[in-house]
Amino acid sequence: MAPEEYPPSPKKVFFFDIDNCLYPASAKVHQRMADLIHDYFERNLNLSPEEAVALHSKYYQKYGLAIGGLMRHHDIDPLHFNSQVDDALPLDALIRPRIDLNRLLQDIDRSKVKLWLFTNAYVNHARRVVKILGVDKMFDGITYCDYTTLPFVSKPQEEMFAKAMMEAGAHNMEDCYFVDDNFGNCNMAEKIGWNSVHLVEDGVPVPAVQACNYQIKHLEELRTVFPQLFKAASSTNGLGYHGVE
């Protein structure tokens, strides 16, 4: 869509990452995805297991996603990659509906806040995840990595944040709120002026230096970090509850 097709929003926009953010890292989706990526590298680039792991790590560090390196340096069909990796994940066996997440999102004051998904995944995977979690009707839209478009952009590239703002209709940095489990993504968001929160769950290594001003262990803590975004009667309703129902 052209920029003029994205109307400006009078509301603040709360951007939510998806993977390892809307569901816990303990679901091991990332681990299963990494296994599929390594297998794809071995089969399609004729690499040894060790070479596949090393190249995946290199591309992830440099481009934020394995597909970013594959599209730039190899004759790889990105949608074939997606079908063999993201779309091949047995998500129904790994994640399940989260009543606590649904309650948290319902308690956000939608009269002044737009909820927006912001992911480095392709749209197929993103929609599968939020549907299984039972929150697919809670968000106003999604900004995702378009594997079919060059130049390829993804978080934490500044261009990806600009794309998210345009698509969500956000014009002011200070009206953008963001939660993600990735250090680099949160760090970039804060650098450009967003209100950024780094989700570091129990069991996940805590960074020596915080990625941004706010660091939390549970999404429920967003109620106290940004109380102005929640309905007045619900800003502390969920605190103390961190389970998955």
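Biologist: How many salt bridges does the structure hold?
Modeller: This is a predicted model. Side chains of opposite charge can pair when their charged atoms come close. The salt bridges in the structure number eleven.

Biologist: Which residue forms a salt bridge with Arg223, and what parts does the pair tie together?
Modeller: Arg223 lies in helix H10 (residues 222-225). Its partner sits in the loop between helix H6 (99-106) and strand S2 (113-118), so the pair ties together parts that are 116 residues apart in sequence. The closest N and O atoms are 2.9 Å apart. The partner is Asp107.

Biologist: Is Arg223 buried or exposed?
Modeller: The cut-off for buried is under 20% relative accessible area. Arg223 has 0% relative accessibility, so Arg223 counts as buried.

Biologist: What does Asp107 count as, buried or exposed?
Modeller: The relative accessibility of Asp107 is 12%. Buried means under 20%, exposed over 50%. Asp107 therefore counts as buried.

Biologist: Which side chain meets Asp140 in a salt bridge?
Modeller: The N to O distance is 2.8 Å. Asp140 is in the loop between helix H7 (123-133) and strand S3 (141-143), and the other residue is in the loop between H6 and S2, 30 residues apart. The pair links distant parts of the chain. The partner is Arg110.

Biologist: What relative accessibility does Asp140 have, and what does Arg110 have?
Modeller: Asp140 counts as partly exposed. Arg110 also counts as partly exposed. The values are 44% for Asp140 and 26% for Arg110.

Biologist: Where do Glu167 and Lys163 lie?
Modeller: Glu167 forms a salt bridge with Lys163, with the closest N and O atoms 3.2 Å apart. Glu167 is buried at 15% relative accessibility, whereas Lys163 is partly exposed at 23%. The two residues are four apart, about one turn of the helix. Both lie in helix H8 (residues 158-168).

Biologist: How many residues does the largest nonpolar core have?
Modeller: In soluble globular proteins, nonpolar side chains tend to be buried together. Among the residues with the most contacts inside this core are Phe14, Leu22 and Trp194. The residue count of the largest nonpolar core is 78.

Biologist: Which residues does Trp194 touch, not counting those up to four places away in sequence?
Modeller: Trp194 is one of the residues with the most contacts inside the largest nonpolar core. Trp194 touches Phe15, Phe118, Phe161, Ala164, Met165, Met173, Cys176, Phe178 and Ala189.

Terms used: Residues numbered from 1 in each chain as written. Predicted model: local features only at pLDDT ≥ 70, side-chain atom pairs only at ≥ 80, totals over all residues. Heavy atoms only, no water. Core = buried A, V, L, I, M, F, W, Y, C linked by side-chain atoms within 4.5 Å. Buried < 20%, exposed > 50% of the residue type's maximum accessible area, 1.4 Å probe, protein only. Contact = heavy atoms within 4.5 Å. Salt bridge = Lys/Arg side-chain N within 4 Å of Asp/Glu carboxyl O.
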